[in-house]
Amino acid sequence: MNKFANISSEEKKMLKKMFLSSFVMEHSYNYERQQGLGFSLGMWPVIKKVYKTKEEQGEALERHMAVFNATPHIETLIMGISAAMEKEASQNPNFDKSSINSVKVGLMGPLSGIGDSIFWGSLRVVAAGIGLSLCSQGNPLGALLFLLVYNIPHFIIKYYCTFIGYSFGLDLMSNVKSNGILDKITKAASIVGLMVIGAMTASMVVLSLTGKFNISGNEFVIQDYIDQIFPMILPLLYTLLMFYLLQVKKFKATKLLLITIVLSFVLVFVGLV
């Protein structure tokens, strides 16, 4: 029985092109949009297929250039779901296109947690152990074996994730039409997405004060008292400041990156952080 009976032969050709295009995801990684540009380029075969006008195609490409970051090995699962949603958006003028990015952001955190554990945390270690055991014996095939053990499962899973995601997305859109649950899905995905962004802020933005003062021979660390009142408030405030400068003041991400670097050197030099 065909596992992807709801996907036509033409759509399979389109998905194969999307699978090949997905390999540019890491080639265009940047600090402003991370994998956003690569995701947009990877979606081009689908966008070109489902949208007929240059204006619609441009709008879809720009939509997928939003910030995105997921484990490269399973990113095609999200791309497949997004492709199904783009197909629905091209056919339904009342479709809420903002829900596409909401679902993307909601999925990238949980799926990356699974992908990182499987590929970075497990498969890579196993492949390296096999390859190194041969290399330590002077066998040059160790490096080749490492690449094969790691990349064969990678390519197979990435390939089938493309079709699984698209098939799931088509079924999802079909149920949305009959049950009207898209608003609930969008809201849930937005909540998960905000949780992911919040966790990224807390874990990736490091900012703490090193200042101390003495009272009657007792040493008090300023950062300890700040953490007691509001843990991680300094990284949060700095992130909100960057967001304000990006969205309201229209600063370029490169400019903000340079400001952050210079500010870091200054604050460390004067001993505040």
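Is K97 buried, partly exposed or exposed, and what is its relative accessible area? K97 is partly exposed at a relative accessible area of 23%, where buried means under 20%, exposed over 50% and partly exposed in between (1.4 Å probe, protein chains only). This is a predicted model, in which local features need pLDDT of at least 70 and side-chain atom pairs count only at pLDDT 80 or more, while totals for chains, interfaces and linings use all residues. Residues are numbered from 1 along each chain as its sequence is written, and side-chain values use heavy atoms, with hydrogens and water left out.

**Salt bridges in the whole structure**
- A search of the whole structure finds seven salt bridges, each defined as a side-chain nitrogen of Lys or Arg within 4 Å of a carboxyl oxygen of Asp or Glu.

**The network around E59**
- The side chains of K97 and E59 form a salt bridge at 3.8 Å, N to O, and this pair links distant parts of the chain, with K97 in the loop between α5 (75-91) and α6 (98-135) and E59 in helix α4, 38 residues apart.
- Salt bridges that share partners join E59, R63, E86 and K97 into one network.
- E59 also pairs with R63 at 3.6 Å, N to O, and because these two residues lie four apart in helix α4 (residues 54-63), about one helical turn separates them; helices (H or I, at least four residues) are DSSP runs numbered from the N terminus.
- E59 counts as partly exposed at 38% relative accessibility, whereas R63 counts as buried at 10%.

**The pair in helix α1**
- K13 and E10 meet in a salt bridge at 3.8 Å, N to O, and both lie in helix α1 (residues 9-21), three residues apart.
- K13 counts as exposed at 51% relative accessibility, and E10 as partly exposed at 42%.
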